[in-house]
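Thanks for coming. I will go through one structure today, starting with a term we need and then moving through the sheets, the helices and the aromatic rings.

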Amino acid sequence: MSFKNINQIICVGASITDSPWWTWKDYLQIESKLKVINLAVKGCGNEFMINNLILNKNKLNDKTLVVVMFTNIDKFDWFVEKDKFIELQDEKHKPINFSNQNGFWCTGSWFPKDKKIFKDTFYSEDYFVVKTIQQILILEQLKKIYNFELILTFDSPIWTYTEQEINHIVTDIKKYNKNENLLLKSCLSKIWKNLLDKKYIKISNKSLIGYCIKNQIPWQNETHGAHPSPISHYKWYKDILLPEAKKYISIDETLCYEDKLQSMEKIWQKKY
């Protein structure tokens with residue numbers, strides 16, 4: 001098989017991608033032996049991911065493979081400036097700087113302080129689904145502009161469950177029984193869905209957490225919540241991500257790192 005001359009990989013995602021243990025991005029780096037630029041940020045949503053990728057546009061070219069792991073729709077990336085930016089510097093989750101005067105305040109699906117006012121007054125699940133669809137369309141346009149190769153994955157069945165619902169499934173797996181892609185059936189989202197490539201719609205069992213639940217492998221624990229274990233990441237990487245990555249890059253599958261993998265698993269299992 002012939003490959004494009006890919007010489008670097010950019011990995012984009014949230015905390016499931018950027019965890020204290022090995023995740024899919026680490027296995028991709030080890031087996032591809034390529035430079036990996038990690039743009040994953042804990043607590044961020046899809047809007048931040050795309051803005052961060054644009055901020056790093058100088059790294060995008062036809063020798064780059066961009067691998068994005070989108071997350072749930074109910075994460076609010078709020079762009080804050082000046083006084084509000086300064087005020088939030090004392091928060092547990094500080095704004096992620098885009099300059100010394102502004103940045104994105106990313107708090108996952110938690111809506112603290114002024115975000116709670118927004119949620120109580122203006123939040124629409126349907127519209128947040130549309131915003132996520134729009135980020136996918138922007139991502140595809142960026143691919144055309146900068147001519148990079150793209151693999152888009154998902155950390156959970158984002159068209160079926162919000163992050164808040166995933167967090168409840170952690171404590172009651174019986175709640176994992178909603179109609180697939182239910183979030184794409186509301187007024188606005190069912191219109192915007194028609195603009196999506198079909199491969200980005202039926203993603204439940206290909207998403208990381210969806211894959212883990214289907215195959216009954218660890219994806220949550222008491223300490224880390226809904227964050228799959230390093231071994232679960234490895235199995236998903238081998239079964240789902242690797243076949244896509246091999247379309248663009250050469251992979252050394254002869255490597256053996258079982259001992260290191262087990263040590264990573266102990267980090268995930270450790271209770272605090």
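One definition before anything else: a residue is called buried when its relative accessible area is under 20%, exposed when that value is over 50%, and partly exposed in between. Trp-159 comes out at 0% relative accessibility, so this residue counts as buried. Please keep in mind that what you see is a predicted model.

Where does Trp-159 lie? The residue is in the loop between E7 and helix H6, which covers 163–171. Take Lys-84 as a reference point: Trp-159 and Lys-84 are 75 residues apart in sequence, and their C-alpha atoms are 32 Å apart in space.

Now the sheet that E7 belongs to. It is an open sheet of four strands, in the order E2-E1-E3-E7, with parallel pairing. E2, residues 35–38, and E7 stand at the edges with a single partner strand each, so one side of each has no neighbour in the sheet. On average, neighbouring strands here are turned by 20 degrees against each other, ignoring direction.

Two helices to point out on this sheet. H1, residues 24–32, packs on the sheet and touches E1, E2 and E3, and its direction makes about 175 degrees with that of E1. H9 also packs on the sheet, touching E3 and E7, with its direction at about 155 degrees to that of E7.

Inside the sheet, E1 and E3 run parallel and are joined by five bridges. Ile-9 has Leu-65 in E3 as its bridge partner. E3, residues 64–70, then pairs with E7 over six bridges, in the parallel sense. Along that pairing, Val-67 has Ile-151 in E7 as its bridge partner, and Phe-70 stands opposite Phe-154 in E7.

How many residues of E3 are buried? Seven of its seven. As a reminder, side chains in a regular strand alternate between the two faces of the sheet. In E3 both faces are covered, with Thr-64, Val-66, Val-68 and Phe-70 on one side and Leu-65, Val-67 and Met-69 on the other.

E4 and E6 run antiparallel and are joined by five bridges, and Phe-79 has Phe-104 in E6 as its bridge partner.

Helix H2, residues 46–55, has Asn-46, Phe-48, Met-49, Ile-50, Asn-52 and Leu-53 buried.

The structure holds 20 aromatic pairs. Phe-48 and Phe-104 are one of them: the ring centres are 5.8 Å apart and the planes stand at 80 degrees, so the pair is edge-to-face. This pair links distant parts of the chain, with Phe-48 in H2 and Phe-104 in E6, 56 residues apart. Both Phe-48 and Phe-104 are buried.

Compare Phe-118 and Phe-122, with ring centres 6.1 Å apart and planes at 40 degrees, so that pair is tilted. Phe-118 is partly exposed, at a relative accessible area of 24%. Phe-122 counts as exposed, at 59% relative accessibility.

Last item, a helix pair. The axes of H9, residues 230–245, and H10, residues 258–269, come within 8 Å and cross at roughly 125 degrees. That angle makes H9 oblique to H10. On the H9 side the contact is made by Pro-230, Ile-231 and Tyr-234, and on the H10 side by Leu-261, Gln-262, Met-264, Glu-265 and Trp-268. The residues of this contact divide into six nonpolar, one polar and one charged.

That is the end of my tour.

Notes:
Residues are numbered from 1 along each chain as its sequence is written. This is a predicted model: local features need pLDDT of at least 70, side-chain atom pairs count only at pLDDT 80 or more; totals for chains, interfaces and linings use all residues. Side-chain values use heavy atoms; hydrogens and water are left out. Two strands pair if DSSP finds at least two bridges between them. Buried means under 20% relative accessible area, exposed over 50%, partly exposed in between (1.4 Å probe, protein chains only). Axes are lines fitted to C-alpha atoms, for helices over the stretch in contact, and angles run from 0 to 180 degrees between N-to-C directions. Angles under 35 degrees count as roughly parallel, over 145 as roughly antiparallel, 65 to 115 as roughly perpendicular and the rest as oblique. Contact means heavy atoms within 4.5 Å. Ala, Val, Leu, Ile, Met, Phe, Trp, Tyr, Cys and Pro count as nonpolar, Asp, Glu, Lys and Arg as charged, and the others, Gly among them, as polar. Rings of Phe, Tyr and Trp (its six-membered ring) pair if their centres lie within 6.5 Å; planes under 30 degrees apart count as stacked, over 60 as edge-to-face and the rest as tilted.
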